[in-house]
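Dear colleague,

Please find below the structure that I am handing over to you. My notes on what was found in it follow directly after.

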Amino acid sequence: MGAENLDNEASAVFRQGTVIPAHPLALDEHRRLDERRMAALTRYYCEAGAGGSAAGVHTTLQLIHSSHAAAFGVRSVSLLAGRTPLSVLVTNFNTDGLNHREVETFLHEFGHALHGVLSRTRYASQGGTSVERDFVEAPSQMYEEWGRKLEPLRLLRRYCTGCPEIDEALVKRLHAARSFGRGILYGRQHLYAAYDMALFGEREADPMQTWIRMEGETPAGYVPGTQFPGTFGHLVGGYGAGYYGYMWSEVIALDMLSRFGRNLMNPAVGRRFRELILARGGEEPAKVMVREFLGRDPSPEAFFEEITGQRGN
Ligand SMILES: [Zn+2]
């Protein structure tokens, strides 16, 4: 399918008034994409135009020319209305092959898509990822682990005959590489979350002065002339007072993961996760669903093992 067709399809969707036109630059960028991806995009526009969310399409167009990967719940399930769910992954992966970080990213975003399409809620408003913000990343963060363990990684060869064999030694090296600098990573995430909270506290706080003080209290200190707050888009992008959710989701993700024990490919636990977590969307508070899945109260133990480098590979 050619570029003109894609433009026609896209502008047809615009004419229907179902999307807010994105910046024209994004459409220019489309022309540089290969035919296969353009065909997929066109199908997506048609699907979305037929009953999807305007916001989803708009965001997609904007993301096409960035390096992001993202999942969009275009249409939420509703058993009541007999509505089937539709989720879309928008990625800019290297078509020659994925590096390990991309595999993790793919599994993460695919986790969001699974949350959407395996959802079986009565109402659309409770479908899939319509859960508490500080829980929404948990299933996806859990699925990243499938890119780090030998059993699932080994399966890649079934679908990719030219891919190199992945053995225990390589998985160990991946684990070691990932463990490098973890302290800095978590220290930084904690600082970002605490800073976010400081700005959304009861009293008004000067963003720059608060940052200089807080970063100044870390071992590395504040670097004069830098202006991190101006780049911290989460503060105004819907994550204000919620940035902590990334780490909190990881606490829950690792706790849920522990239910799989040493076998990520355990179909019984997988089914249980699907039925008790993914299928229920936001029908129940996350803490109720997580407790049912775990069969006990949630615990931060696995998270503390992770950040201290003691969680097994
Ligand atoms: Zn995510």
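To begin with the strands, Ala-70 has Val-90 in β2 as its bridge partner. Strand β1 (residues 70-75) and β2 are paired in the antiparallel sense, over five bridges; two strands pair if DSSP finds at least two bridges between them. Strand β2 covers residues 86-90, and four of its five residues are buried. A residue is buried if 20 or more other C-beta atoms lie within 10 Å of its own, exposed if 12 or fewer, and partly exposed in between, with C-beta atoms placed from the backbone.

Please note that this is a predicted model, in which local features need pLDDT of at least 70, side-chain atom pairs count only at pLDDT 80 or more, and totals for chains, interfaces and linings use all residues. Residues are numbered from 1 along each chain as its sequence is written.

As to the protein overall, it has 15 helices and two strands. These elements are DSSP runs numbered from the N terminus, helices being H or I with at least four residues and strands E with at least two. The protein has 313 residues, of which 27% count as buried. Among its contacts with a separation of 6 or more, 67% join residues 24 or more positions apart; two residues are in contact if their C-beta atoms, placed from the backbone, lie within 7 Å.

Two helix pairs deserve a description. Two packed helices are described by the angle between their axes and the distance between the axes. Axes are lines fitted to C-alpha atoms, for helices over the stretch in contact, and angles run from 0 to 180 degrees between N-to-C directions.

The axes of helix α13 (residues 267-278) and helix α14 (residues 286-294) come within 9 Å of each other and cross at roughly 160 degrees. Helix α13 is therefore roughly antiparallel to α14; angles under 35 degrees count as roughly parallel, over 145 as roughly antiparallel, 65 to 115 as roughly perpendicular and the rest as oblique. The crossing of α13 and α14 is right-handed. A crossing is left-handed if the near helix is turned anticlockwise from the far one by less than a right angle, and right-handed if clockwise. Arg-272, Phe-273, Leu-276 and Ile-277 of α13 meet Met-289, Glu-292 and Phe-293 of α14. By class, this contact of α13 with α14 has five nonpolar, no polar and two charged residues. Here Ala, Val, Leu, Ile, Met, Phe, Trp, Tyr, Cys and Pro count as nonpolar, Asp, Glu, Lys and Arg as charged, and the others, Gly among them, as polar.

Helix α12 (residues 244-257) also packs with α14: their axes come within 10 Å and cross at roughly 25 degrees. The two helices α12 and α14 are therefore roughly parallel to each other, and their crossing is left-handed. Ile-252, Asp-255 and Met-256 of α12 make the contact with Val-290, Phe-293 and Leu-294 of α14.

Finally, two individual residues may be of interest. Arg-120 lies in the loop between α5 (100-117) and α6 (138-143). Arg-120 counts as partly exposed because it has 17 C-beta neighbours inside 10 Å. Leaving aside neighbours within four places in sequence, Arg-120 is in contact with Val-77, Leu-79 and Ala-279. Glu-305 is found in helix α15 (residues 301-307) and is partly exposed, with 14 other C-beta atoms within 10 Å.

With kind regards
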